[in-house]
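This report describes a protein model from the whole chain down to individual residues. The sequence and the structure are shown below.

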Amino acid sequence: MRSFISRLRHGRRGSKTESGPGLQEALQESRQQHLYRYRKQRGVNLGSWFVLERWLSESPFQSTAGSGQSDLDVAKGLRAKQVLEQHWDSWITSSDFEWLAARGINTVRIPIGYYHICALDPSILTRTDFDGLQHVFEGAWSRLVAAVITAQSFGIGVLFDLHAAPGKQNKDSHSGTSSPVVSFFNSKFNMQLAIRALRVLVTQLIALRAHEPEFDNIVGVQLLNEPQPSSHEALYDWYKEAIQEIRNIDSGFPIYISDCWMTDQYADFIARLPSCLALTCIDHHLYRCFTWSDISTSAVQHTASLADRNAPFPQMFSRVSEKLAESGSGLIVGEWSGALNPGSLQGTADEHQERASYIRTQLDLFELYCAGSFFWTYKKELPGDQGWSFRDAVENGVFPEVVGMVPVKDYVGLSADINARKVTARNVALGQHHWRFEAGFDQGWVAAYDFFIFDRAGQPTVSELGFKGCIAKRKAQDHIREHGRSSNIWEFEHGFRQGVDAAKHDFQHHYC
């Protein structure tokens with residue numbers, strides 16, 4: 001199969017036109033990094049592991065200070081270092097990663113606070129709410145590294161999410177403190193400190209590649225979780241500076257940004273960024289259980305509004321995913337759940353079936369338009385919550401037992417058959433398109449199969465190319481370097497994305 005991929009990869013055709021440089025030089029990343037970073041992310045959040053949330057895990061809050069709702073309250077409480085380290089060592093273990101991998105979960109999102117990396121630079125805590133608490137949090141970093149190592153042993157990627165920034169970027173207690181005051185955006189010190197913390201984090205994550213064996217399963221870093229800016233222009237400016245600082249360290253490091261529930265506007269922001277082959281991805285959070293409108297809408301109506309492709313929300317996802325693909329970016333849903341307000345379930349004859357339908361509809365929506373999704377959250381300390389606990393949802397049958405494509409037939413050593421089907425599918429799709437479409441289609445088909453044959457590390461499912469727009473841009477730049485620029489280069493990208501889709505259909509039909 002790999003020799004087949006290699007042959008196709010070099011089988012380009014066409015004549016040169018005006019030559020010119022690409023967007024930038026080819027990014028330096030290993031094949032393993034490439035596959036972890038750009039496959040479709042079927043994920044969960046490991047909530048309340050490092051950034052604690054009392055409604056998820058009560059035990060660490062037994063001897064807190066203050067209102068007892070946040071990391072700071074725990075850190076100022078009795079035996080804080082012991083309490084936290086015991087929690088970090090027991091909340092998520094190797095057996096949890098093994099369980100997730102067996103369900104097709106290939107990526108986890110780990111929320112952290114800036115204070116969790118103080119072992120790397122103690123001065124990060126100076127003049128912050130956590131000043132003087134280095135001794136409490138200094139053991140967090142070694143455990144975060146261990147999480148990356150354990151995840152890779154099960155073929156699972158890791159997305160780190162700055163859930164708690166200096167001064168708080170939103171009012172919630174999961175931003176580090178119980179104070180409702182958001183001082184991140186009106187303090188230059190806090191905004192610059194957050195960028196410094198992100199630089200330290202990214203530098204150390206890159207250094208993990210020097211580990212023996214190498215660890216390639218870091219899929220990226222999310223700059224801020226659910227920011228509530230007083231001015232979106234201020235957040236745009238901060239995003240741009242943070243992105244530039246990280247890209248100065250590693251020009252290809254994937255970056256994720258929150259859309260503040262203004263997805264169209266932030267997709268436009270992505271489109272306005274300087275042209276770049278590195279991934280800058282938008283993260284949207286989808287919940288339907290908090291507002292008065294959510295409460296007064298039935299579960300059936302919630303499901304229908306997400307299932308109807310002509311309804312406003314699916315239309316927005318369709319529009320944004322296309323816009324982001326054209327920018328070489330992508331869309332993920334970094335948080336979602338099966339939670340429905342009791343008001344939405346009032347009068348429901350079969351709550352189990354309604355919740356299962358609601359979850360299945362969201363998964364179908366994400367499959368169409370997103371490069372990944374992460375259920376919130378993996379588990380709760382008290383079992384039984386099928387809306388918020390992924391483990392309970394799976395074990396009670398409201399969430400599918402396995403997500404992703406599960407091959408039931410052997411596809412190794414069948415390169416001739418696969419190549420013949422590629423030619424047939426390409427000829428059907430070609431129509432009146434330019435030869436560049438044909439070249440793109442071939443490259444898309446090859447790229448898709450490259451992900452299918454990625455080492456499954458014991459997982460029941462195969463990897464799939466998720467960030468099609470990003471990889472299409474890169475392949476188009478390779479095409480330009482070889483064949484020169486043309487006003488028809490869009491046909492190559494269009495062909496690439498169709499080739500990816502055709503290969504997925506082919507694989508599902510013949511091997512799943």
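Which residues does S373 touch, not counting residues up to four places away in sequence?

## Basis of the model

The model is predicted: local features need pLDDT of at least 70, side-chain atom pairs count only at pLDDT 80 or more, and totals for chains, interfaces and linings use all residues. Residues are numbered from 1 along each chain as its sequence is written, and side-chain values use heavy atoms, with hydrogens and water left out.

## Surroundings of S373

With residues up to four places away in sequence not counted, S373 touches Q41, R42, G43, V333, W336 and F366; contact here means heavy atoms within 4.5 Å. S373 lies in strand β8, residues 372–375. Strands are DSSP runs of E with at least two residues, helices are runs of H or I with at least four, and both are numbered from the N terminus.

The relative accessible area of S373 is 10%, so this residue is buried. Buried means under 20% relative accessible area, exposed over 50%, and partly exposed in between (1.4 Å probe, protein chains only).

S389 is placed in the loop between β8 and α16 (390–395). Because its relative accessibility is 1%, S389 counts as buried.

The side chains of S389 and D392 are joined by a polar contact of 2.9 Å. A polar contact is a pair of N or O atoms within 3.5 Å; within protein, one must be able to donate a hydrogen and the other to accept it, and residues adjacent in sequence count only if both atoms are side-chain atoms. Neighbours within four places in sequence left aside, S389 is in contact with F375, T377, Y378, K379 and K380.

## Helix α10

Helix α10 spans residues 263–272, and its buried residues include T263, D264, Y266, A267, F269 and I270. The cover over the buried residues of α10 includes the helices α9 (232–249) and α13 (312–326), together with β5 (255–258), β6 (280–286) and β7 (331–336).

## The chain as a whole

The protein chain has 20 helices and eight strands. Its radius of gyration is 23 Å, close to the 24 Å that the globule rule gives for 512 residues, so the chain is as compact as a globular protein of that length. The radius is taken over C-alpha atoms, and the rule is 2.2 Å times the number of residues to the power 0.38.

Of the 512 residues, 59% count as buried. Among contacts with a separation of 6 or more, 78% are between residues 24 or more positions apart.
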